[in-house]
Amino acid sequence: MVNKARNKEIEDCWDLFLNSAAEEIAYQNFAAIYDRCIDDLLAYGISMGFDEDTCRDAAQDVFCNLFIKRRQLQDVGSLTAYLFRSFRNDILNAYKKTSKFADFDFSRLPFTTEVTVLDRLISDEERALIKSSVETMLNQLTPRQREAIYLRYMQNMDYDEIATLLGMNAGSVRKLVYRSIRSLRRQAKDSDNPLALLVLLWILTGPA
């Protein structure tokens with residue numbers, strides 16, 4: 001899970017990449033951004049249902065453009081939102097070129113989530129049960145709800161950023177997230193695994 005401190009580190013690297021007069025420092029911070037963000041982009045693409053090779057190609061294109069357009073990106077606010085938006089557009093455009101269905105509704109992509117639980121807190125058997133319970137809850141949501149939850153709570157994006165990414169307005173995103181959380185909480189209360197509720201709450205709040 002991405003936390004606020006990690007996002008701050010990424011934004012600091014972004015500032016140095018954009019504004020450092022020393023090319024070596026700029027390159028070092030670009031490399032740091034890549035190391036911190038590449039796995040998140042790949043996981044996002046795989047969650048949308050694309051294979052790893054396709055996701056990796058799209059991510060490489062995003063980072064190549066980031067480096068090439070460095071001097072043109074001074075007005076970018078949140079780097080995380082920019083990377084996810086660029087990656088999503090790139091991978092969906094690539095899909096359009098190879099798909100037989102030009103008018104495919106991308107909101108119907110089967111967005112999936114992978115739940116990670118702190119290994120040291122519970123046994124392998126308990127972890128497997130909790131993981132299964134939480135993923136079952138998440139899978140009861142629509143693909144668009146799962147994607148919104150992922151972006152809001154696992155990538156710490158604000159509602160305006162998610163709205164831009166998904167082609168919605170911020171008010172609709174707020175309603176989508178609210179209804180998703182309400183559904184998850186209702187399911188958690190009905191779950192026969194009480195630890196699943198605690199893990200779900202950890203996912204939705206995360207470390208400070």
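The largest cavity of this structure has a volume of about 50 Å³. The model is a predicted one, in which local features need pLDDT of at least 70 and side-chain atom pairs count only at pLDDT 80 or more, while totals for chains, interfaces and linings use all residues. Residues are numbered from 1 along each chain as its sequence is written, and side-chain values use heavy atoms, with hydrogens and water left out.

Rolling a probe the size of a water molecule over the atoms shows where empty space is left. A cavity is a set of points, on a 1 Å grid over the protein atoms alone, where a 1.4 Å probe fits but cannot get out, and its lining residues have an atom within 4 Å of a point. Grid points are joined across faces, edges and corners, and the volume is the space filled by probe spheres set on the points. The structure holds one cavity of 30 Å³ or more. Eleven residues line the largest cavity, and those closest to its centre are Cys 37, Asp 40, Thr 80, Phe 84 and Gln 155. The elements that contribute two or more residues to this lining are α1 (4–19), α2 (23–47) and α4 (79–98). Such helices are DSSP runs (H or I, at least four residues), numbered from the N terminus.

The next topic is the salt bridge, defined as a side-chain nitrogen of Lys or Arg within 4 Å of a carboxyl oxygen of Asp or Glu. By this rule the structure has six salt bridges. One of them joins Arg 36 to Glu 9, with the closest N and O atoms 3.5 Å apart. This pair links distant parts of the chain, since Arg 36 belongs to helix α2 and Glu 9 to helix α1, 27 residues apart. Arg 36 counts as partly exposed because its relative accessibility is 30%, and Glu 9 is also partly exposed, at 40%. In these terms, buried means under 20% relative accessible area, exposed means over 50%, and partly exposed lies in between (1.4 Å probe, protein chains only).

Another salt bridge is formed by the side chains of Glu 23 and Arg 70, at 3.2 Å from N to O. Glu 23 lies in helix α2 and Arg 70 in the loop between α3 and α4, so this pair ties together parts that are 47 residues apart in sequence. Glu 23 is partly exposed, with a relative accessible area of 47%, whereas Arg 70 is buried, with 6%.

A further example stays inside one helix. Arg 56 and Glu 52 both lie in helix α3, four residues apart, which is about one turn of the helix, and their side chains meet in a salt bridge of 2.8 Å, N to O. Arg 56 counts as partly exposed at 32% relative accessibility, and Glu 52 is partly exposed at 42%. Salt bridges that share partners also join Glu 23, Arg 70 and Arg 71 into one network. Helix α3 spans residues 52–68 and includes Glu 52. The C-alpha atom of Glu 52 is separated by 6.9 Å from that of Leu 42, ten residues apart along the chain.

Which arginine is buried yet has no salt bridge? It is Arg 146, for which the nearest side chain of opposite charge, Glu 147, is 8.9 Å away. For charge, Lys and Arg count as positive and Asp and Glu as negative, while His and the chain ends are not counted. Arg 146 is found in helix α6 (residues 143–154).

Arg 88, found in helix α4, counts as buried because its relative accessibility is 6%. A polar contact of 3.1 Å joins the side chains of Arg 88 and Tyr 44. A polar contact is a pair of N or O atoms within 3.5 Å; within protein, one must be able to donate a hydrogen and the other to accept it, and residues adjacent in sequence count only if both atoms are side-chain atoms.

Finally, Asn 156 has a positive phi of about 55°, although it is not a glycine. Asn 156 is placed in the loop between α6 and α7 (159–166), and it is partly exposed, with a relative accessible area of 28%.

Key:
On a 1 Å grid over the protein atoms alone, a cavity is a set of points where a 1.4 Å probe fits but cannot get out, and a pocket is an open set with protein on both sides within 12 Å along at least five of seven lines; lining residues have an atom within 4 Å of a point.
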